[in-house]
Amino acid sequence: MKRFFSVADVPDVPDLVKEALLLKKDPYGQFIGNNKTIGLVFFNPSLRTRLSSQKAAFHLGCDLWVLNIDHDSWKIEMSDGTMMENTQEHIKEAIEVIGLYCDILGVRTFPGLKNKQNDYQEVLFKKIERYSRVPVVSLESATRHPLQSLADAMTIEELRPSQKPIKVVLSWAPHPKALPHSVPNSFLEWISKLRNTDLIITHPKGYELDKEFAKDLHITYDQEEAFREADFIYAKNWSAYNDYGQILCKDSRWMITSKKMALTNHAKFMHCLPVRRNIVVEDAVLDADTSVVLQQAQNRIFAAQAVFKRMLINKCHAAYR
Ligand code: CP
């Protein structure tokens with residue numbers, strides 16, 4: 001694997017999920033990272049992505065460093081052809097230099113949510129890929145969060161009662177700030193690759209996601225209808241796609257509550273975290289035995305480990321040719 005940006009970079013999703021679940025059973029069994037370094041560059045904050053990647057690298061025997069662009073480095077110029085009066089270092093030199101110090105580069109680049117075209121063309125992520133001489137892993141970009149979705153797919157596969165069809169609901173929930181589409185977009189991309197999985201989306205009118213991700217999936221504006229007989233409820237807020245980056249609804253009736261969870265087939269509650277309690281989801285749901293948010297967070301380690309492992313093996317093969 002030379003790139004990990006979207007589901008398109010993975011030939012067989014169930015196979016990668018299986019591999020990650022095997023690593024969970026035997027985390028230190030593939031100690032292939034000797035003399036290798038993973039670099040993580042964060043343009044935005046993180047708790048889980050940063051720490052789970054560190055743990056994954058530790059399992060593989062890799063060295064790993066982290067650079068928080070906002071706090072730890074020079075002020076970076078992103079635009080080309082600019083007279084750099086207020087910025088000290090151009091993204092071109094920064095990434096070229098960073099690539100000299102690692103074998104795999106992970107980057108987090110959130111969208112601005114102002115310019116749809118800029119965000120959806122993944123201008124910053126693609127620029128980083130262009131300047132990086134080492135393989136790049138997305139730690140969440142403007143439109144996708146593939147490591148999260150791989151961990152979510154692992155969690156669903158671990159918990160599904162059997163190979164019988166299951167109903168998985170992606171539910172919009174309220175939030176005071178405008179949030180990106182990366183988690184819901186990726187969730188749809190990845191979970192639709194799982195076998196025997198009926199995927200449904202529920203959100204208020206106006207929150208339709210990009211057709212590239214929503215495709216012809218069933219959408220209902222009736223949250224309670226969506227919850228009936230569901231096996232998994234995946235809650236997430238996102239801002240509008242058509243009215244790009246806007247908050248169109250703050251209606252607290254969309255919050256995930258125990259009453260709504262009671263309509264489901266004893267569904268597991270999922271969220272990528274961090275989550276705002278009693279705005280997105282009621283305490284009682286998050287603290288119930290059916291909440292699997294910690295299992296998702298734990299699976300982030302093995303999702304990252306499976307991806308790093310594939311990249312390291314690919315690199316080793318290249319070196320032998
Ligand atoms: N879910 C997730 O990516 O968490 P962080 O933003 O804390 O990394």
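In this predicted model, a nitrogen atom of the ligand sits 3.0 Å from an N or O atom in the side chain of Gln-148. Besides Arg-108, His-145 and Gln-148, the residues around the ligand are Ser-46, Leu-47, Arg-48, Thr-49, Cys-272, Leu-273 and Arg-300.

Turning to the fold, five strands form an open sheet in the order E10-E9-E8-E11-E12, with parallel pairing. Strand E10 (218–220) and strand E12 (268–270) are the edge strands, each pairing on one side only. From one strand to the next, the twist averages 25°. In general, strands of a sheet pair through backbone hydrogen bonds, either parallel or antiparallel. Here, strand E9 (residues 197–202) joins E10 in the parallel sense over three bridges, and Ile-200 stands opposite His-218 in E10.

A closer look at strand E9 brings up Thr-202, which belongs to this strand. Thr-202 counts as buried because its relative accessibility is 0%, against a cut-off of under 20%. The side chain of Thr-202 reaches the backbone oxygen of Thr-220 at 2.9 Å. Leaving aside residues up to four places away in sequence, Thr-202 touches Val-169, Leu-170, Ser-171 and Trp-172, together with Thr-220, Tyr-221, Asp-222, Gln-223 and Ala-226, as well as Trp-238 and Trp-254.

Key: Residues numbered from 1 in each chain as written. Predicted model: local features only at pLDDT ≥ 70, side-chain atom pairs only at ≥ 80, totals over all residues. Heavy atoms only, no water. Pairing = 2+ DSSP bridges. Helix = DSSP H or I, 4+ residues; strand = E, 2+ residues; numbered from the N terminus. Axes fitted to C-alpha atoms, helices over the stretch in contact; angles between N-to-C directions. Buried < 20%, exposed > 50% of the residue type's maximum accessible area, 1.4 Å probe, protein only. Polar contact = N/O pair within 3.5 Å; in protein donor to acceptor, adjacent residues only side chain to side chain. Contact = heavy atoms within 4.5 Å. Near = heavy atom within 4 Å.
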